[in-house]
Amino acid sequence: MRTLEERLASLEARMDSMSDLRGDMNGRFELVDRQFTDLRSDMNGRFELVDRQFTDLRSDMNRRFELVDRQFTDLRSDMHHRCGQLDARIEVLSQNADRHFTWLVGIQVAVMLAVVGALVGAYYR
């Protein structure tokens, strides 16, 4: 059987190896903490980049929508102007058609009076 001193020396050796293990474990945990800190920093940088890209995309889309809105406004204004011109042309055509209709009816009445007059003249001769 071993003596008390040998047992004590064995326990001290184990304790020393445990201390070394504890120091090694602490070092590794510190390394992992640093790596997580670096990873967190890298991820924050990348998220900021993505946020900037979305902000740029949003502003570009807003600019394009404003351009489309302006084009629709211009188109609507142009259409109102052209509709006004079309209304004026239709009014002129309507007046011409009315005048031609009046002339046509007048000519028909005159021809009818001439025919009736010729018939009445032929009857009394």
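These legends accompany close-up views of a predicted model.

**View 1. Asp60 with its two arginine partners.** The closest N and O atoms are 3.4 Å apart for Arg63 and Asp60, and 3.3 Å apart for Asp60 and Arg64. Arg63 and Asp60 are three residues apart in helix α1, which puts about one helical turn between them. Asp60 and Arg64, also in helix α1, are four residues apart, again about one turn. Asp60 is partly exposed at 23% relative accessibility, while Arg64 is exposed at 55%.

**View 2. The salt bridge of Asp78 and Arg82.** Here the two side chains meet at 3.0 Å, N to O. Both residues belong to helix α1 and sit four residues apart, about one turn of the helix. Asp78 has a relative accessibility of 30%, so it counts as partly exposed. For context, the whole structure holds five salt bridges.

View 3. With 48% relative accessibility, Phe36 counts as partly exposed.

**View 4. Tyr123 and Tyr124, an aromatic pair.** A search of the whole structure finds one aromatic pair. In this edge-to-face pair, Tyr123 and Tyr124 are 5.3 Å apart, centre to centre, with 75° between the planes. Tyr123 is exposed, with a relative accessible area of 67%, and Tyr124 is exposed too, at 66%.

Conventions:
Residues numbered from 1 in each chain as written. Predicted model: local features only at pLDDT ≥ 70, side-chain atom pairs only at ≥ 80, totals over all residues. Heavy atoms only, no water. Phe/Tyr/Trp six-rings, centres within 6.5 Å; stacked < 30°, edge-to-face > 60°. Buried < 20%, exposed > 50% of the residue type's maximum accessible area, 1.4 Å probe, protein only. Salt bridge = Lys/Arg side-chain N within 4 Å of Asp/Glu carboxyl O. Helix = DSSP H or I, 4+ residues; strand = E, 2+ residues; numbered from the N terminus.
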